[in-house]
Amino acid sequence: MDSTSLIAWSVLFGGIGIGYLTYGRRKKAVVPLCTGLSLLVFPYFMSSVGMLLIVGTILVTIPYFIKI
């Protein structure tokens, strides 16, 4: 069950990362672009579901609080 949920959460955060990445490229916005790129890359380095959820949630909320 642990590896299945890890893969499912990784796919979800990767999909959100694709959205941020395309939005950042289209609008020339730096914060969504960097956040999208990091959301695509960071699941490869996480081995725990708990840490994946914590880091993913923080990365998803960064563009909401930082508007550059």
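Leaving out neighbours within four places in sequence, Ser10 touches Pro43 and Leu52. I start there, and please keep in mind that this is a predicted model. Ser10 sits in helix H1. Is Ser10 buried or exposed? Its relative accessibility is 18%, and the cut-off for buried is under 20%, so Ser10 counts as buried.

Now the annotation. The UniProt record, an unreviewed entry, lists residues 6-23 and 44-66 as "transmembrane region". What does the model show over those two spans? Residues 6-23 are 100% helix and 0% strand, with 26 Å between the end C-alpha atoms. Residues 44-66 are 74% helix and 0% strand, and there the end C-alpha atoms are 25 Å apart.

Next, how the helices pack. I take H1 and H2 to begin with. H1 covers residues 2-27 and H2 covers residues 30-41. Their axes come within 7 Å and cross at roughly 155°. An angle over 145 degrees counts as roughly antiparallel, and H1 and H2 are therefore roughly antiparallel to each other. The crossing of H1 past H2 is left-handed.

Which residues make that contact? On the H1 side they are Phe13, Gly14, Ile16, Gly17, Ile18, Tyr20, Leu21, Tyr23, Gly24 and Arg25. On the H2 side they are Pro32, Leu33, Thr35, Gly36, Leu37, Leu39 and Leu40. Sorted by class, this contact has 11 nonpolar residues, five polar and one charged.

On to the other pair, H2 and H3. H3 runs over residues 49-65. The axes of H2 and H3 come within 9 Å, with a crossing angle of roughly 165°. That makes this pair roughly antiparallel as well. H2 passes H3 in a left-handed crossing.

For the contact itself, H2 supplies Val31, Pro32, Thr35, Ser38 and Leu39. From H3 come Gly56, Leu59, Val60, Ile62 and Pro63. How many of these residues are charged? There are no charged residues here; seven are nonpolar and three are polar.

If you have the structure open, look at Pro32, Thr35 and Leu39 in H2. They are among the H2 residues that meet H1, and they are also among those that meet H3.

To recap: H1 and H2 are roughly antiparallel, H2 and H3 are roughly antiparallel, and Ser10 in H1 is in contact with Pro43 and Leu52.

Terms used. Residues numbered from 1 in each chain as written. Predicted model: local features only at pLDDT ≥ 70, side-chain atom pairs only at ≥ 80, totals over all residues. Heavy atoms only, no water. UniProt positions renumbered as here; feature names shortened; annotations may be inferred. Helix = DSSP H or I, 4+ residues; strand = E, 2+ residues; numbered from the N terminus. Axes fitted to C-alpha atoms, helices over the stretch in contact; angles between N-to-C directions. Parallel < 35°, antiparallel > 145°, perpendicular 65-115°, else oblique. Left-handed = near helix turned anticlockwise from the far one by under 90°. Contact = heavy atoms within 4.5 Å. Nonpolar A, V, L, I, M, F, W, Y, C, P; charged D, E, K, R; others polar. Buried < 20%, exposed > 50% of the residue type's maximum accessible area, 1.4 Å probe, protein only.
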